[in-house]
Amino acid sequence: LNIGFSAAPSDLTVMADAGLLRRALLNLILNAFKATMKGGDVELRAEMQDRGLVDIVVQDTGCGISAEDLPYVVEPYYSRFEEGTGLGLSLTDEIARKLGGRLVLQSEPGAGTNAKLSGLPACEDEV
């Protein structure tokens, strides 16, 4: 596919069910790769918020999501891709809430998408 992938090194640790977090990140990364064309990039990074909360971000340079579609992409069975089931972002949104955070999507057609698992609780020694 010739899509670049980078994962920024981080010492941040979140208090979360590893299986659920893995599933949410896999969904976001797979969506990013589906949306990104040859020569594009996908980046994974973690960022500390001010209040002892962590954001995990998947950023792509893909096709983006229109403002009209953005409110609906987390609804079950809503998909913009032929091969998609429309469940990935819906499940990811649910997982984010179970982990104490939320899914935040920012996107612009032609410029890519920033998908963020926002407000996940940091381990106590990082607060």
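**Strands, sheet and core**

Modeller: In β5, Leu-117 is the bridge partner of Ile-56. The model is predicted, so local features need pLDDT of at least 70 and side-chain atom pairs pLDDT 80 or more, while totals for chains, interfaces and linings use all residues. Residues are numbered from 1 along each chain, and side-chain values use heavy atoms, without hydrogens and water.

Colleague: How do you know that β3 and β5 pair?

Modeller: Strands (E runs in DSSP, at least two residues, numbered from the N terminus) pair if DSSP finds at least two bridges between them. β3 and β5 have six bridges, in the antiparallel sense, so they meet the definition of a pair.

Colleague: What makes β1 and β4 edge strands?

Modeller: The open sheet has the order β1-β2-β3-β5-β4, with mixed pairing. β1 (4–7) and β4 each pair on one side only.

Colleague: Why is the largest group of 25 residues called a nonpolar core?

Modeller: A nonpolar core is a set of buried Ala, Val, Leu, Ile, Met, Phe, Trp, Tyr and Cys residues joined through side-chain atoms within 4.5 Å; buried means under 20% relative accessible area, with a 1.4 Å probe and protein chains only. The 25 residues form such a set, and those with the most contacts inside it include Ile-56, Leu-103 and Leu-117. α1 gives the largest share of this core, six residues.

Colleague: What does Leu-103 touch?

Modeller: Contact means heavy atoms within 4.5 Å. Not counting residues up to four places away in sequence, Leu-103 touches Leu-28, Val-74, Leu-89, Thr-92, Asp-93, Ala-96, Lys-116 and Leu-117.

Definitions and conventions: Buried means under 20% relative accessible area, exposed over 50%, partly exposed in between (1.4 Å probe, protein chains only). Helices (H or I, at least four residues) and strands (E, at least two) are DSSP runs, numbered from the N terminus.
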